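Q: Can you walk me through this model? I'd like the overall picture, then a couple of local spots.

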Amino acid sequence: MPVQHTRRAVLGASLALAGTGALAACSDGGTSSGHSGMDHSAMGDAGPSGTAAPEGYVSPDGPEVAAAEKRRGSGPVREVSLTATPSRLDLGGGHTVSTWAYGDRLPGKEVRVTTGDTLALTLANHLPQATSMHWHGLALRNDMDGVPGLTQRAIEPGKDFTYRFAVPDPGTYWFHPHSGVQLDRGLYAPLIVDDPKEPLSYDKEWVVVLDDWLDGVDGSTPDAVLQELTKGHSGHSMEDMPSADADADAGTGPSRMLMGATSKLLGGDAGDVGYPYYLVNGRVPQDPAAFSARPGDRIRLRIINAGGDTAFRVALGGHRMTVTHTDGFPVRHTTTDALLLGMGERYDVLVTAGDGVFPLTALAEGKKASAMALLRTGGGAAPAATVRPKELDGELVTSDRLVPDASVALSGRTPDRTVRIRLTGSMAAYDWAFDGKPYSADQRHPVQTGERVRLEFRNATLMWHPVHLHGHTFALAGNASGARKDTAIVLPRQTLTVDFDADNPGLWMLHCHNLYHAEAGMMTVVGYRS
């Protein structure tokens, strides 16, 4: 059994009720009010992040970035406004928590656009900390990528910022802050990009967001968990990292450090954090979200793992699934009983609905707990919250077995450059890093526009790591036959090789998508030479 150590009291937070955003007009580029965001007049020689960048590299707001955006074109403008705010959320089953969210719902309201649109989203920050918004998986313009200290200045409390960019590719994406450990609160939502030439045929669509939850439970906060894991000493050196106790009241929360959680699928240790709840679409399994359909309906599920420290094994009881996409990009249709999603990964699947009430179970891999939602097509009692569909132990197709659709397969080409990165660190010291060097904003792995770049991730640790590259998708297996992804699992003591085309200039974060590993220092930057 996984054991949670009870070591010491941790910080808690008590937050106020929510406000919501209203529709607002946006300008022709990323803009801010109150001089937050990109106020170049106040920067002197610094770049848009407010920090001086090493010479010889493309700036996030440089002419190369503007030229790449111009080539994407400018379609209809979709204007959206969101407010990041303290909120009190109902997780079901009598569980109500004080947290931070986009308005008063979890997940945040889905943003849906069409390929070729220009998205203009204004984020108002009503939080007690600075924040930001990262568009996970999108190959967008670099100065809209939402990484404080690298591509923009953080959005200060009481300010707002408009993210404006062309949306290049259809698929299942999501957005969340890239500020401290704010993602492990309620600050996330789906971004669905419709294909105007959608090749799939289906009757209904079900967007499924998975999460591990601790914020506001018995005084716990993600910041306090990070302090416990790092013993108060994070390797992170970003200037814009929020203070762990910013505007928070002292609380007495239990230890959330998890020991003894193991998984054969993940190669050993399953995670660092023990969460009290695991959620599907913001609900606990004792009071699950339900999706209604008719028997025989063909349903497209868009599954997103928005968790901080948990891989989920997912199955729909009584059904086989046909995988159609991973990380937004189509693959050759492949049937399976179950899927494994690391943090940040997405899968689209098709199912033909049976008649009855069926559990969509997301097993918190190695943590002896699960989340659940229901597919309801007829009468009958709901299954128990602890149900374990036999499909969870059936065939499981992993991303390395998927073949890209011919329309998105990377062309065969010898790499022009190989970047070798060693994943380092341990649970005991909590010194997660790349090449033994905790993150700093001036790190660069240089690439040149037009190159085919090979990334080799050698995992020297005893922990699995889901690595995520901003602004690009890569091909797995280091050749053109691999599925296109932006987030992929590197198992302990194993090497993952991927290729990508350097076609989106800027400074791009590369990091482990275990939130606590990233904040401990497991991040770096791929930088385009100017």
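Q: What kind of model is it?
A: This is a predicted model.

Q: OK. How many helices and strands does the protein chain have?
A: The protein chain has three helices and 35 strands.

Q: And how much of the protein chain counts as buried?
A: Of its 530 residues, 59% count as buried. The protein chain exposes about 18600 Å², and carbon and sulfur atoms supply 48% of that area.

Q: What about contact range in sequence?
A: Taking contacts between residues at least 6 apart in sequence, 78% join residues at least 24 apart.

Q: Switching to His 511. Where is His 511 found?
A: His 511 is in strand β34, which covers residues 507–512.

Q: Buried or exposed?
A: His 511 counts as buried because its relative accessibility is 3%, and the cut-off for buried is under 20%.

Q: Which side chains does its side chain make polar contacts with?
A: Among them are those of His 178, at 3.3 Å, and His 470, at 3.1 Å.

Q: Which other residues is His 511 in contact with?
A: Beyond its neighbours within four places in sequence, the contacts of His 511 also include Phe 434, Pro 466, Val 467, His 468, Ala 518, Met 522 and Met 523.

Q: Now helix α2. Why is it described as largely enclosed?
A: Because eight of the nine residues of α2 (residues 222–230) are buried. Among them are Asp 223, Leu 226 and Glu 228.

Q: What do the buried residues of α2 pack against?
A: They pack against α3, residues 515–520.

Q: And just after α2?
A: Lys 231 follows there, with a positive phi of about 55°.

Conventions
Residues numbered from 1 in each chain as written. Predicted model: local features only at pLDDT ≥ 70, side-chain atom pairs only at ≥ 80, totals over all residues. Heavy atoms only, no water. Helix = DSSP H or I, 4+ residues; strand = E, 2+ residues; numbered from the N terminus. Buried < 20%, exposed > 50% of the residue type's maximum accessible area, 1.4 Å probe, protein only. Contact = heavy atoms within 4.5 Å. Areas by Shrake-Rupley, 256 points an atom, 1.4 Å probe, with all protein chains shown as cover. Polar contact = N/O pair within 3.5 Å; in protein donor to acceptor, adjacent residues only side chain to side chain.
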